[in-house]
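Open your viewer and keep the selection tool handy. We will walk through the pockets of this model, stop by stop.

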Amino acid sequence: MESNGPAIRELPILESGDRLSRAEFERRYTAMPHLEKAELIEGVVYVASPVRIRKHANPHGKIITWLGVYEAATPGIMLGDNPTVRLDLDNEPQPDAILRIEEAWGGQSRISEDDYIEGAPELIVEIAASSASYDLHDKLRAYRRNGVREYLVWLVQERQFRWYGLQEGEYRLQAPDSAGVLSSQIFPGLHLAVNALLNGEMRQVLAVLQQGINSEAHQAFVQSQLKLQE
């Protein structure tokens with residue numbers, strides 16, 4: 001039996017390697033609610049593979065714990081776990097974690113009416129298998145160009161952290177201090193005990209973070225944030 005109604009066009013599925021506009025990427029992603037993670041990086045689609053526990057999910061959980069404790073102690077900031085971020089017309093990543101200053105507190109990104117982050121969060125964290133990952137190539141370039149002020153990558157296979165800070169339009173790699181601690185330049189007191197985290201010693205990771213939270217620099221940051229709301 002012939003139908004007199006209009007033909008319904010089924011959207012093509014998202015596949016890694018597709019080259020799409022951001023609008024088309026969002027249409028296809030929205031039409032695939034079972035798909036947990038897909039990203040548009042420099043106009044190219046990347047669909048996530050199944051997630052391994054030791055190489056990704058557990059490290060991811062530790063990073064979220066670390067950032068969550070800092071968020072709880074610091075007004076005016078927001079932690080995001082795998083949020084979609086509208087960076088520009090060719091880039092819509094879904095980072096493993098972000099830490100942003102709220103727009104009303106002087107941050108550089110905002111929340112859209114349909115509840116997505118638009119613009120560059122101050123800090124993005126990615127969990128990568130190795131330095132061959134696109135996290136250290138295409139993503140890094142997109143984050144730098146769009147003004148992500150700090151970019152932290154955990155290279156799980158190589159047991160390394162790379163923490164980049166944006167200076168004069170370029171990312172500069174920072175080195176740990178004499179105690180093996182990496183520290184944010186944007187979020188005072190956000191300290192990362194590298195060796196402790198690599199060895200799974202979360203109690204020590206959180207103890208070092210608490211020292212940062214108790215520092216004069218963090219307290220001054222909190223007071224400056226609160227003054228913005230007076």
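The second largest pocket has about 150 Å³ of space, a volume being the space filled by probe spheres set on grid points joined across faces, edges and corners. A pocket here is an open set of points on a 1 Å grid over the protein atoms alone where a 1.4 Å probe fits, with protein on both sides within 12 Å along at least five of seven lines; lining residues have an atom within 4 Å of a point. This is a predicted model, where local features need pLDDT of at least 70 and side-chain atom pairs count only at pLDDT 80 or more, while totals for chains, interfaces and linings use all residues. Residues are numbered from 1 along each chain as its sequence is written, and side-chain values use heavy atoms, with hydrogens and water left out.

Now select R149, E150, G165, L166, Q167, R172, L173, Q174, Q185 and I186: they line this second pocket. Two elements each supply two or more of them, β10 (160–167) and β11 (170–173); strands are DSSP runs of E, at least two residues, and helices of H or I, at least four, numbered from the N terminus. β10 contributes the most, three residues. Colour by class and you will find three nonpolar, four polar and three charged residues (nonpolar: Ala, Val, Leu, Ile, Met, Phe, Trp, Tyr, Cys and Pro; charged: Asp, Glu, Lys and Arg; polar: the others, Gly among them).

Next, move to the largest pocket, with about 810 Å³. Among its 28 lining residues, centre on A48, S49, P50, V51 and H56, which lie nearest its middle. Then show β1 (38–41), β2 (44–47), α2 (53–73) and β8 (123–128), each giving two or more residues to this lining. Which element gives the most? That is α2, with four residues.
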